[in-house]
Amino acid sequence: MPTYAIIGATGSTGQQILAQLLRSPDNKVKVYCRSRAKLEKLSPKLAAHPNVDVYPGALNDVQLIADCVADSKAIFLVIGANVSYPGMRMVQDGAHSVVAALSTIRAEDPNAKMPRILLLSSATMNPR
């Protein structure tokens, strides 16, 4: 059973990736989100889905992110922000946390197979 990780599962892109991955009963999906309640509000069937593990918490919790991405075939890093202002670092911090998590996994097991990272890159275009 292939395992995939989604970092940023409550956003529009994360929700679409989650829906597509769950179309196959052979996929296991591990999702990181800051709020489990928000994720379950957006995707009510997740709480009972046998192929989904949810990892709620802080984006800078490297061990949590490591647990989420461990043994994954691919990581969908789809954190986004609807605002852009000086000092906005959420996307950058997410990337740093994933790299640190993978470094932690490698330090614990030098032979661990590292997943591919698929990174969403975009610019905020909201007229706010």
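Exposed here is over 50% relative accessible area, buried is under 20%, and partly exposed is in between, using a 1.4 Å probe and protein chains only. Helices (H or I, at least four residues) and strands (E, at least two) are DSSP runs, numbered from the N terminus. What you're looking at is a predicted model, in which local features need pLDDT of at least 70 and side-chain atom pairs count only at pLDDT 80 or more, while totals for chains, interfaces and linings use all residues. Residues are numbered from 1 along each chain as its sequence is written, and side-chain values use heavy atoms, leaving out hydrogens and water.

Back to α1: its buried residues are G14, Q15, I17, L18 and L21. Seen down the axis of α1, they fall within an arc of 165°, so they line one face of the helix. That arc is taken from the directions from the helix axis to the C-beta atoms. The cover over these residues includes β1, β2 (28-33), α2 and β4, with contact meaning heavy atoms within 4.5 Å. A19 also sits in α1, which spans residues 12-21, but at 41% relative accessibility it counts as partly exposed. A19 and S43 are 24 residues apart in sequence, with their C-alpha atoms 9.1 Å apart in space.

Now hop over to β4. In a regular strand the side chains alternate between the two faces of the sheet. In β4, A74 and F76 point one way and I75 and L77 the other, and all are buried. What about its neighbours? Two strands pair if DSSP finds at least two bridges between them. β4 runs parallel to β1, joined by four bridges, with A74 as the bridge partner of Y4. Four bridges also join β4 to β5, again in parallel, and there I75 has I117 as its bridge partner.

Y4 and F76 are both buried. Rings of Phe, Tyr and Trp (its six-membered ring) pair if their centres lie within 6.5 Å, and planes under 30 degrees apart are stacked, over 60 edge-to-face and the rest tilted. By that rule there is one aromatic pair. The rings of Y4 and F76 have centres 6.3 Å apart and planes at 45°, so the pair is tilted. It links distant parts of the chain, as Y4 in β1 and F76 in β4 are 72 residues apart.

Helix α4 comes next. Which residues of α4 are buried? They are G94, S97, V98, A101, L102 and I105. Down the axis of α4 they fall within an arc of 130°, so they line one face. They pack against β1 (3-7), α3 (62-69), β4 (74-77) and β5 (116-119). The face turned away carries the exposed V99 and A107.

One last stop: N51, in the loop between α2 (36-42) and β3 (52-56). At 13% relative accessibility, N51 counts as buried. Leaving aside residues up to four places away in sequence, N51 touches M1, P25, N27, K28 and V29.
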